[in-house]
Structure formats: C-alpha cells, structure tokens
Amino acid sequence: QMIETKELNAQKDRLFSIIGHDLRSPLSGIEGFLNVLDHGGVPDHERRIMQDELLRLTRNSRQLLDNLLQWAKRDTKAYEASEVDYPKLIKMVGEQLAPLAEAKGIKLQVLIDEGEGTVTGDADMLEMVIRNLIANAIKFTANGGWIKLRAYELESELRLEVEDNGIGMTEQQRQRLFSPHREVGLGTNREKGVGLGLMLCAEFLTYMNGSIEVRSVKDKGSCFTVHLPRPSRNNYGL
C-alpha cells in the first residue's frame with residue numbers, strides 16, 4: 001500500500017506539473033499572439049508567421065489535452081472493445097496531421113488500402129496511439145524527410161508500422177523510451193514535449209493485449225511497430 005500510495009502521489013505531481021507548465025505555457029503564448037494581432041498594424045508577412053505559430057501552439061495544446069484525457073480514461077479503465085476499421089482510422093489521423101508534416105517539408109505516406117480490414121480494440125485508444133506515433137515521427141524528422149505507415153495482417157496479429165528517416169536514437173535512448181525516466185529531447189525544429197504520449201501508447205496497447213517495439217539507428221531513423229492480436233476464425237463460429 002505504501003508503494004502504491006507513493007506511485008499515485010508521483011503521478012499526481014506529474015499531472016499537476018504538466019498542467020501547470022506544459023499546458024499553461026502554450027496557452028499563454030496563444031493569448032500573447034492574439035493580443036498583438038488585436039491591436040492591428042502588424043505587417044502581412046509577420047501576421048502570417050504569427051498565424052502559423054498560433055496554429056502550432058493550438059495543435060500541441062490539443063494533443064496534450066487529448067493525452068491527459070486518455071490518461072484519465074486509463075486510470076478509470078473506461079474503455080470499450082469493438083471492431084475498428086483501422087485503415088479508415090489511420091487515414092483520418094494522417095489527414096489531420098498532414099499539414100504539420102507539410103509545414104516541415106516532410107512526405108507523409110499512408111501505404112494502407114481502405115477497407116483492408118478490422119481489428120478488435122478501443123477505437124479512441126487506438127486513435128491516440130496512431131496520433132502520437134505520427135506526431136512523434138514528425139517531431140524528430142527534419143525538412144525533406146519522409147514518414148511511412150504500413151499494415152500487415154498476419155494469421156494471429158495485426159502489425160502497424162510507423163517508419164521515418166529522422167534523427168533516430170542511441171541504444172540507450174531506445175531502451176528507456178517507454179520509461180517514466182526517459183530523456184525528452186527537442187525535435188528537429190526545437191519542438192518541445194513531455195514524453196507522456198509514448199508511455200500512454202505502451203500502456204493502452206497492453207490494455208488491448210497488444211504491444212509496441214521500436215527499431216532505431218542514430219542519424220538514420222526509427223520504426224515503431226504496433227502488435228495487436230486478431231481473433232481466430234473459430235471465435236466467430238467459422
């Protein structure tokens with residue numbers, strides 16, 4: 001009980017730290033930009049820069065809020081298993097994040113055919129996993145790079161891959177990637193993060209009886225592979 005209480009207190013402190021700094025800071029930036037724009041007299045080229053920055057801050061805040069809400073959902077175990085059309089889900093998330101990739105000159109390719117199949121899981125959790133993996137790849141891939149999403153339906157599992165030719169990781173970084181003590185680095189455009197997303201990916205996949213692994217080579221890129229079980233045909237009475 002003492003260990004559990006200590007862990008709960010640590011999670012509470014981390015939550016307040018995220019809300020107090022990592023959510024408050026971008027909101028303050030948004031407020032500042034809007035105040036400047038409200039007073040007028042801003043040249044068109046500067047206005048465009050401010051609008052791009054407002055969009056970036058808003059997207060980052062939205063993703064952090066989504067992660068926090070999903071974190072709360074994890075603690076209450078309020079998730080529902082259903083048949084998920086994963087090609088449709090991946091395409092939707094890819095389209096939503098495409099402008100973020102385009103802004104960095106990154107080619108985002110969804111190499112998955114629509115109607116390819118379904119998988120059993122929690123749709124919200126799976127969307128959060130895909131969104132975080134794509135956003136993470138965008139963060140650590142430089143201008144002119146590429147990100148590829150693939151899917152492989154095997155007899156017993158579905159494999160989803162998010163591969164990039166970004167900055168990659170050392171073996172030490174890779175081993176600590178899903179740990180609360182992981183090193184949270186800056187992106188190729190000095191984007192900040194709190195490291196919550198990848199931890200949630202691993203935890204949510206565990207809830208869905210799945211897993212995640214990563215291959216990475218420093219300065220060459222990374223490939224995250226999601227494993228989700230596929231029900232046997234016997235389960236459907238076939």
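Student: How many aromatic pairs does the structure hold?
Tutor: This is a predicted model, and the structure holds one aromatic pair. The cut-off for a pair is ring centres within 6.5 Å.

Student: What makes Lys-148 count as lying over the face of Trp-146?
Tutor: Lys-148 is at 4.6 Å from the ring centre of Trp-146. The distance limit is 6 Å, and the charge must also be within 35 degrees of the ring normal.

Student: Why is Gly-32 called partly exposed?
Tutor: The relative accessibility of Gly-32 is 31%. Buried means under 20% and exposed means over 50%, so a value in between is called partly exposed. Gly-32 is found in helix α1, residues 2-38. Its C-alpha atom is separated by 9.8 Å from that of Leu-54, 22 residues apart along the chain.

Student: How do you know that β4 and β5 pair?
Tutor: Strand β4 (residues 146-153) and strand β5 (residues 157-164) are joined over seven bridges in the antiparallel sense. At least two bridges are required, so the two strands count as paired. Glu-153 stands opposite Leu-158 in β5.

Student: Which strands form the open sheet, and in what order?
Tutor: The order is β2-β4-β5-β7-β6, five strands with mixed pairing. β2 (107-110) and β6 (211-217) each have a single partner strand and stand at the edges, so one side of each has no neighbour in the sheet. Neighbouring strands are turned by 15° against each other on average, direction ignored. Helix α3 (residues 86-103) packs on this sheet and touches β2, β4 and β5; its direction makes about 170° with that of β2.

Student: What makes β7 largely enclosed by the rest of the structure?
Tutor: Strand β7 covers residues 221-229, and eight of these nine residues are buried, so the strand is largely enclosed. β7 pairs with β5 in the antiparallel sense over eight bridges, and Glu-157 stands opposite Pro-229 in β7. Seven bridges also join β7 to β6, again antiparallel.

Student: Where do β6 and β7 turn into each other, and what is the phi of Asp-219?
Tutor: β6 and β7 form a hairpin with three residues between them. Asp-219 lies in that turn and has a positive phi of about 70°. The bridge partner of Val-217 is Gly-221 in β7.

How values were computed. Residues are numbered from 1 along each chain as its sequence is written. This is a predicted model: local features need pLDDT of at least 70, side-chain atom pairs count only at pLDDT 80 or more; totals for chains, interfaces and linings use all residues. Side-chain values use heavy atoms; hydrogens and water are left out. Helices (H or I, at least four residues) and strands (E, at least two) are DSSP runs, numbered from the N terminus. Axes are lines fitted to C-alpha atoms, for helices over the stretch in contact, and angles run from 0 to 180 degrees between N-to-C directions. Contact means heavy atoms within 4.5 Å. Buried means under 20% relative accessible area, exposed over 50%, partly exposed in between (1.4 Å probe, protein chains only). Rings of Phe, Tyr and Trp (its six-membered ring) pair if their centres lie within 6.5 Å; planes under 30 degrees apart count as stacked, over 60 as edge-to-face and the rest as tilted.
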